[in-house]
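Look over the sequence and the fold, then read on.

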Amino acid sequence: ANRESWSWREDDFSKARKSLERKPLSIERTKGSEILFGIAPCSLALSQSRRDLFRLFLKENSGSRRLVMSEFVLQATARGVPVHHVKRRELDALCRGQVHQGVCLEATPLRFKSLEEAEKPDLGDEESPNRQLIWLVLEQIQDPMNLGALLRSAYFLGVDRVVTSQRNSCPLTPTVSKASSGAMEVFDVYSTDDLRGFLKAKTAEGWEVVGTVSQPEDVENVPVISCLEFQWNKPVIIVIGSEGDGLSLETQLLCHRMLAIPPGRALHPGIESLNVSVATGILLHSICSQKLKHGD
């Protein structure tokens with residue numbers, strides 16, 4: 001009987017051990033922190049000093065990424081951020097199964113800046129008549145992957161500022177930072193609770209407000225042109241609408257012109273539009289390339 005109870009207990013222990021191995025260690029989080037994940041967001045967050053940083057988590061035995069991980073240790077040490085080497089499943093648990101590439105960083109969230117916080121020194125440049133400024137305004141973009149991709153394109157193509165509507169817009173989450181490939185860590189994003197008031201004020205300052213539309217026939221009272229024909233000689237605001245509905249009617253009526261992307265073939269019903277971040281990348285490239293030709 002003794003032998004039987006011993007073997008039962010041994011079996012029980014082995015089951016318990018296996019269940020413990022399956023269960024990731026729970027890591028106590030600092031209050032008010034979030035978990036950034038991925039090589040580019042974590043590296044740029046460490047180098048930019050825009051967030052408070054608490055702990056860096058790196059995957060044990062990183063193999064092919066050993067050099068990258070040693071760079072992270074140097075970066076974290078320089079900033080006084082404690083480094084923890086943990087198992088992959090602990091990283092998976094920290095970022096809820098997202099693609100972390102072996103790196104997670106515990107940090108305070110980034111917030112939108114208010115337009116009142118916009119750097120005043122810029123204004124000197126803006127007054128300059130031959131300075132071609134381009135701002136991107138986002139109305140109710142709700143998908144973090146789209147917002148991240150939009151920020152990545154805006155940063156890459158030379159947009160001067162990004163402004164989002166406060167209402168019904170996705171916040172600046174770790175998923176947005178990852179989708180932006182870290183552009184969110186270096187590029188300020190502004191927010192306004194009065195988008196229409198903001199557009200009216202910029203129009204009064206001499207800016208051109210340009211909307212975007214996938215179906216030209218959907219727009220009334222505002223001229224629609226192909227993005228290939230668009231030419232600009234004053235500061236311009238490109239307004240992008242939400243994934244499902246596009247620009248609201250009130251916002252459309254504040255636009256001086258609407259831009260459409262001409263398709264390359266007759267389109268099958270049901271697939272007549274582009275993803276919002278892809279469409280924005282095409283429009284911005286078309287517009288920003290003129291900026292490069294003219295020079296500042």
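A polar contact is a pair of N or O atoms within 3.5 Å; within protein, one must be able to donate a hydrogen and the other to accept it, and residues adjacent in sequence count only if both atoms are side-chain atoms. This is a predicted model: local features need pLDDT of at least 70, side-chain atom pairs count only at pLDDT 80 or more, and totals for chains, interfaces and linings use all residues. Residues are numbered from 1 along each chain as its sequence is written, and side-chain values use heavy atoms, with hydrogens and water left out.

Q: Which residue has its backbone oxygen 3.2 Å from a polar atom of the Gln132 side chain?
A: Gln132 sits in the loop between α5 (122-127) and β6 (134-138); helices (H or I, at least four residues) and strands (E, at least two) are DSSP runs, numbered from the N terminus. A polar atom of the Gln132 side chain lies 3.2 Å from the backbone oxygen of Trp232.

Q: Is Gln132 buried or exposed?
A: Buried means under 20% relative accessible area, exposed over 50%, and partly exposed in between (1.4 Å probe, protein chains only). Gln132 has 6% relative accessibility, so Gln132 counts as buried.

Q: Which residues touch the most other members of the largest nonpolar core?
A: A nonpolar core is a set of buried Ala, Val, Leu, Ile, Met, Phe, Trp, Tyr and Cys residues joined through side-chain atoms within 4.5 Å. The largest one has 31 residues, and the members touching the most others are Leu136 and Val162.

Q: Which element gives the largest share of this core?
A: Elements that give two or more residues to the core are β6, α6 (144-157), β11 (236-240) and α10 (276-294). The largest share, 5 residues, comes from α10.

Q: How many residues are in the second, separate core?
A: Members of this second core include Leu133, Val213, Ile237 and Met258. Its count is 21 residues.

Q: Which strands stand at the edges of the open sheet of 4 strands?
A: The order is β1-β4-β2-β3, with mixed pairing; two strands pair if DSSP finds at least two bridges between them. Each edge strand has a single partner, so one side of each is left without a neighbour in the sheet. These strands are β1 (34-37) and β3 (83-86).

Q: What is the bridge partner of Leu36 in β4?
A: β1 and β4 (residues 103-107) run antiparallel and are joined by 4 bridges. Across them, Leu36 is partnered by Leu105.

Q: Which strands stand at the edges of the open sheet of 8 strands?
A: This sheet has parallel pairing, in the order β5-β8-β7-β6-β11-β9-β12-β10. One side of each edge strand is left without a neighbour because each has a single partner strand. The edge strands are β5 (113-114) and β10 (224-226).

Q: What is the bridge partner of Ile225 in β12?
A: β10 and β12 (residues 257-260) pair in the parallel sense over 3 bridges. Ile225 is partnered by Leu259.

Q: How many disulfides does the count come to?
A: A disulfide is a pair of cysteine sulfur atoms within 2.5 Å. Cys170 is buried, with a relative accessible area of 5%. Cys227 is buried as well, at 3%. By the distance rule, the disulfide count is 0.
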